[in-house]
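Dear colleague,

I am handing over the structure we spoke about, and I would be glad if you could look through it alongside the notes below.

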Amino acid sequence: MSDEKFVITKRDLSDPRIDEILLVEKAAKRPISASDRAPVNMGLMYNPIFYTGFAGFIGAFLAWAIIEPMIHRSKTSEEGIGLLLLFPVTSALIGFTVGLVEGIMSRNFTKALKCGLIGLGVGLAWGAIGTIIANIVFGTLLGVGAGLFPPQKGPEGKLVLGGGLLFMLMVARSVAWTVVGGGMGLGQGVALASKKMILNGIVGGVLGGFIGGLLFDPIGGIVDKFSPGASGAISRSVGLCVIGILVGMFLGIVESLSKQAWFIMKSGMLRGKQFIVYTNPMVIGSSPKCDIYLFKDPAVEPRHAEVKQLGSKFEVHDLKSSQGVFVNGTRVESKILEKGDIVVIGESILEFDQKVVG
């Protein structure tokens with residue numbers, strides 16, 4: 001054995017490259033413990049069905065708060081520009097809040113703002129066009145219903161809707177909200193240029209709009225029974241909020257049902273957060289522009305790694321990072337991922353999961 005001595009000066013210790021070397025050594029020697037492999041409870045907070053539904057509720061409530069002062073009620077009817085703005089403003093604000101929420105939950109506020117603003121614009125445009133289509137459909141179906149089931153005059157000359165006409169009103173309202181709902185979940189997909197997310201947004205919005213529209217009038221009737229003589233403001237607020245919740249929830253449901261592969265964060269502030277692989281390739285790094293944003297981790301580079309889809313397989317690639325990518329404790333340049341693999345990037349631990357076909 002050589003007796004040669006190595007001398008390390010204070011200057012050497014202050015060299016930033018020493019920190020990089022130590023980080024690499026630490027990652028390379030890091031074992032995958034039983035706790036790293038243990039299942040993580042996603043919890044309600046990180047369940048997309050919950051937080052997207054909550055975002056839809058917030059958007060719908062804001063829309064109602066803006067629209068309602070513009071609606072004026074007389075003894076026989078309601079009028080005002082608020083009724084004309086009902087569809088576009090509701091579509092825009094639900095589009096805004098459900099566009100924001102994924103970025104907020106990932107602590108990626110750049111992504112949140114981008115998706116939210118695009119959701120606002122797309123929702124407003126879709127809602128404006130949808131208003132024309134929805135009003136034509138609504139008027140046509142309601143006219144057919146009135147012909148088949150004429151309303152009767154009740155006490156004080158008020159028109160009373162029979163069961164048949166009420167059903168047609170519900171169907172007409174449901175179809176109208178179905179048309180408008182299709183644009184409420186498009187913000188994130190359009191912002192990230194993901195065809196899969198765009199399709200999920202349309203399907204989720206359509207389903208939420210359809211069911212929410214179908215429930216709008218029955219909810220209004222129940223509310224009016226508890227507050228007879230009150231204006232339609234309360235029933236409209238409840239009805240719109242139910243639509244917002246259902247649009248958001250169905251966006252989360254469709255996303256969960258259609259996902260093929262995803263990562264579960266097993267460490268840090270986002271422990272329990274799910275990241276669905278929705279782009280090809282999907283970039284992981286410390287830049288807010290990444291699809292999986294690993295913030296406040298000095299061992300993670302701006303573009304650290306990427307995940308590519310190869311048919312039904314998913315492969316992780318190290319993008320020539322100095323700190324490396326580790327799968328099940330082994331440093332890799334690239335590797336086909338299997339269900340349950342533990343991927344370590346810097347101080348972040350992610351578990352890979354995918355649907356097994358066949």
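What follows is a short account of what was found.

This is a predicted model, in which local features need pLDDT of at least 70 and side-chain atom pairs count only at pLDDT 80 or more, while totals for chains, interfaces and linings use all residues. Residues are numbered from 1 along each chain as its sequence is written, and side-chain values use heavy atoms, with hydrogens and water left out.

The protein chain has 10 helices and 15 strands (DSSP runs of H or I with at least four residues, and of E with at least two, numbered from the N terminus). Of its 358 residues, 46% count as buried, meaning under 20% relative accessible area, with exposed over 50% and partly exposed in between (1.4 Å probe, protein chains only).

Of the 25 residues of H5, 19 are buried, and Arg-107, with a positive phi near 60°, follows the helix.

Some backbone details in the loops deserve a look. Most residues other than glycine have a negative phi, and most peptide bonds are trans. The bond from Asn-280 to Pro-281, however, is cis, with omega near 5°, and Pro-281 sits in the loop between strands E6 and E7. Lys-296 has a positive phi of about 55° and is exposed, at 77% relative accessible area, whereas Asn-328, whose phi is also positive and near 55°, is partly exposed at 27%.

With best wishes
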